[in-house]
Structures are given as structure tokens and as C-alpha cells.
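Let's walk through this one together, going from the whole chain down to a single residue. Have a look at the picture first, then read on.

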Amino acid sequence: SIGYRVYGNPPGQTLRDVPYASIGASYRMSSQQSLGVAYDYRPHIVNGGGEVSEVTAFWSNRLSPEWKLQLYGVIGFADASPDAGVGMLLERRF
């Protein structure tokens with residue numbers, strides 16, 4: 001995906017509106033499980049700030065029709081991105 005993000009004018013901040021891009025792919029291993037990877041890029045939004053450049057990989061498992069568990073890891077390549085990180089998402093549909 002590509003887009004253009006408008007950040008607005010919060011008090012005390014000067015933010016730049018910028019384009020952004022993301023590319024990724026996922027593979028459905030079964031009706032319950034999938035793997036994926038995505039790369040995200042965004043230029044700096046404040047003067048002197050850093051750009052965002054990072055890769056995220058994930059594994060997702062549908063536990064039931066209502067519940068999904070997702071584990072992910074991220075590696076950053078720029079100052080405004082994390083060096084590395086891991087996380088978990090538990091989703092409940094209503």
C-alpha cells in the first residue's frame with residue numbers, strides 16, 4: 001500500500017504531512033494458521049526526526065471463530081524505528 005498521512009496541527013508541535021509505503025505477503029498454512037512479513041517506510045515527520053524503516057514478521061492462529069492469537073517480531077533499520085521487538089495480540093470478535 002502507499003498513502004499520504006495528514007497529521008494535523010497539535011498545539012506546540014509542527015508535524016509534516018508525509019507519504020508512506022508498506023509491502024508484505026502472507027501465507028495461509030491451514031484454515032487456522034498463517035505466516036507473514038511486511039516492510040514499512042515513512043519519512044521523518046518533525047524537523048530533526050528520523051524516518052521509519054522496519055520489517056515485521058508474524059504468525060497468526062485462529063483459536064475459534066471468535067478468538068485469534070498473533071505473535072510478531074519487528075526489526076528496525078532507522079533511528080525512529082525500534083532496534084528489535086516482539087509482541088502478542090489476542091483478538092476477540094463480537
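Before we start, one term: two residues are in contact when they have heavy atoms within 4.5 Å of each other. Also keep in mind that what you're looking at is a predicted model.

Start with the fold. The protein chain has 6 strands and 0 helices, so reading from the N terminus you simply get β-β-β-β-β-β. How spread out is the protein chain? Its radius of gyration comes to 16 Å, while the globule rule gives 12 Å for 94 residues, so the chain is more spread out than a compact globule. Along the principal axes, its C-alpha atoms fill a box of roughly 45 × 30 × 20 Å.

Of the 94 residues in the protein chain, 21% are buried. As for charge, the chain carries 8 positive and 8 negative charges, and their mean positions sit 11 Å apart.

Contacts tell you how the chain meets itself. Take those between residues at least 6 apart in sequence: 27% of them join residues at least 24 apart.

Finally, zoom in on Asn61, which you'll find in strand E4, residues 52-62. Is Asn61 buried or exposed? Its relative accessible area is 13%, so Asn61 counts as buried, the cut-off being under 20%. Which residues does Asn61 touch, once its neighbours within four places in sequence are left aside? Asn61 is in contact with Gln32, Gln33, Lys68 and Leu69.

Definitions and conventions:
Residues numbered from 1 in each chain as written. Predicted model: local features only at pLDDT ≥ 70, side-chain atom pairs only at ≥ 80, totals over all residues. Heavy atoms only, no water. Helix = DSSP H or I, 4+ residues; strand = E, 2+ residues; numbered from the N terminus. Rg over C-alpha atoms; globule rule 2.2 N^0.38 Å. Buried < 20%, exposed > 50% of the residue type's maximum accessible area, 1.4 Å probe, protein only. Lys, Arg positive; Asp, Glu negative; His and termini not counted. Charge placed at Lys NZ, Arg CZ, Asp CG, Glu CD.
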